[in-house]
Amino acid sequence: MTTTARKGDGRVASAYLAPALLVLVGLMGYPIYQLVLISLFDYGQEQVSGGAPLTFLGLGNYTTLLSDARFWDVLAQTVGFAAVCVAGTLLVGAVLAVLATRVRTWARTTLFLAALGAWATPAVAGSTIWLFLFDANFGFVNEVLGTTGLSWTYDKWTAFGLVAAQVIWCSFPFVMVTLYAGIKAIPGEVLEAAALDGASTAGTATKVILPLLRPLLIVVTIQSIIWDFKVFTQIYIMTNGGGIAGRNLVLNVYAYQQAFAASEYGLGASIGVVMTVLLLLVTLGYLRALRRSGEAL
Amino acid sequence: MNRRASRGFAEAAAVVVAAVVAFPLYWMVLTALKPGAEVISADPRPWTLAPTLDSFVRALTVQSFGRYLLNSLVVAVAVVLLGLLLSFLAATALTRFRFRGRTTLLVMLLVVQMVPVEALTIPLFFVMRSVRDVAPVFGLNHLGSLVLVHLAFSLPFAIWMLRGFVAAVPAELEEAATLDGASRFRFLWQVLFPLVAPGLVATSVLSFIHAWNDFLFAKTFIISAAENQTLPLALQVFVKPDQNDWGAIMAGSTLMTIPVLVFFILVQRRLVSGLAGAVKS
């Protein structure tokens with residue numbers, strides 16, 4: 001695809017690349033380096049304002065973090081919350097993708113339009129709408145259930161459940177649309193052959209369709225894990241910054257609160273590093289799973 | 001007969017699910033249109049007989065939502081336009097030229113997409129604080145800071161997507177253009193750019209939506225300049241303990257959702273096929 005080499009190609013190429021590289025190095029590369037650097041220092045309000053000298057802690061912030069019971073609670077909550085969101089998103093998305101293949105166009109269009117609406121709603125607006133729907137006094141849900149006065153965001157577990165439901169609501173459409181496209185891409189002859197061989201509907205589903213969809217399923221699963229592991233907006237808005245006494249915190253919000261509310265920038269940065277490493281491990285597992293399932297990169 | 005019954009059942013299920021999924025959006029628009037007394041009624045009804053635009057008027061005048069709408073629009077449009085320019089140039093360099101370090105750059109662009117940008121709030125806050133001292137417009141408390149970070153976050157994916165579109169344009173075209181005496185510059189903007197334009201749509205929509213929806217960075221960077229807030233943050237300002245003006249909040253949410261919804265509907269086909277292409281490659 002390359003044109004024959006012309007004089008000054010190298011210079012032209014670097015001129016084309018320079019603006020993008022400048023932005024990426026300055027606002028992605030340098031901050032990544034800074035994140036690691038800050039996490040190695042005692043970096044609080046005094047240090048930020050220049051009132052106290054910087055102290056190098058080495059891995060001090062990390063040992064503080066790992067020996068803090070609070071951190072392990074938040075980590076466990078984050079993993080549990082992400083697991084529920086991922087499972088819910090995949091289940092709803094997959095069931096609706098199959099449902100979409102069984103109905104006529106008008107019903108499918110209705111379903112897809114509704115899903116598109118949920119998909120397009122900005123997280124801030126979506127969170128606020130859900131809060132109002134579940135409002136203790138004026139909410140429609142309490143009206144229908146006859147539980148007027150019940151605060152869904154007060155109890156730790158109903159609060160987590162409510163946020164998870166909102167996250168699933170706005171993320172299942174991606175899974176549904178992707179899997180629907182995947183099912184549609186399976187050639188009709190494959191399914192006919194299975195039917196001719198006497199395979200039952202359930203047999204076709206598990207032995208023919210599922211293996212063919214495997215690569216796509218891996219993609220949407222990992223994508224969902226990556227998204228749901230770092231939910232920020234929904235938790236922050238719906239539980240008002242992490243719940244009463246911080247009992248609805250997840251890692252992302254925890255790092256933010258440590259840094260910008262408690263002015264423990266070093267500690268906050270170390271949480272950010274831990275989060276990044278965990279997500280990179282997931283991504284690595286993703287690439288390996290893809291390779292094993294025979295997909296070329 | 002059995003087949004038809006099961007299809008009928010599936011279609012009924014699809015309609016019920018669609019209604020449930022769309023209900024929060026219906027409730028948002030409905031609440032925005034309800035008169036004040038109905039919004040805070042003890043038994044809310046799923047319809048209104050006296051729709052009014054009062055809540056929208058309140059949101060736009062009392063809370064000066066219009067100003068924040070404009071701010072959000074400025075940030076999102078600037079991110080899209082700058083992103084288009086920069087990613088188009090970079091993608092051209094990466095596909096139509098061979099140079100040392102090209103493969104390394106491509107791998108880096110992929111790896112950088114896996115970094116959770118939320119983790120970068122802390123260092124970026126300090127970067128923006130330093131930028132403020134040099135170029136205030138691009139530093140803390142100014143919209144420029146938001147443009148810069150969202151531009152950076154959108155570039156890796158945009159470049160990666162555009163590469164395929166640029167590569168699809170045959171090299172002979174450039175040779176022909178050169179023989180006709182077109183300069184590199186003219187070829188770039190008058191031949192290549194229009195041919196690649198369809199590929200720009202999907203990436204533009206994605207960068208627009210990211211910039212438009214962003215809550216975290218707006219919250220972190222715009223700390224003391226109320227006039228420079230964007231929509232997601234402004235919406236939170238309306239939320240007060242125990243005395244929320246839900247009508248205005250829902251009117252604001254509606255104003256914030258509509259542009260994205262229109263965008264999604266306009267480009268849904270291209271978006272899905274573009275995403276599928278990105279997943280495959």
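Two residues are in contact when their C-beta atoms, placed from the backbone, lie within 7 Å. With that rule, among contacts in chain A between residues at least 6 apart in sequence, 68% join residues at least 24 apart.

This is a predicted model, where local features need pLDDT of at least 70, side-chain atom pairs count only at pLDDT 80 or more, and totals for chains, interfaces and linings use all residues. Residues are numbered from 1 along each chain as its sequence is written, while chains are lettered from A and ligands numbered from 1 in the order in which they are written.

Chain A holds 13 helices and two strands; helices (H or I, at least four residues) and strands (E, at least two) are DSSP runs numbered from the N terminus. Here are some values for chain A.

| Property | Value |
|---|---|
| C-alpha box of chain A, along the principal axes | roughly 80 × 75 × 35 Å |
| Buried residues of chain A | 40% of 297 residues |

Buried means 20 or more other C-beta atoms within 10 Å of a residue's own; 12 or fewer makes it exposed, and in between it is partly exposed.

Now look at α10(A). A kink of about 55 degrees sits at A:R214, shortly before the proline A:P215; the bend is the angle between axes fitted to the seven residues ending there and the seven starting there. Buried residues of α10(A) include A:L216 and A:F229, and their cover includes α4, α8 and α13 of chain A.

Over in chain B, B:L25 belongs to helix α1 (residues 2-33). B:L25 counts as buried because it has 21 C-beta neighbours inside 10 Å. Neighbours within four places in sequence aside, B:L25 is in contact with A:G117 and A:T121.
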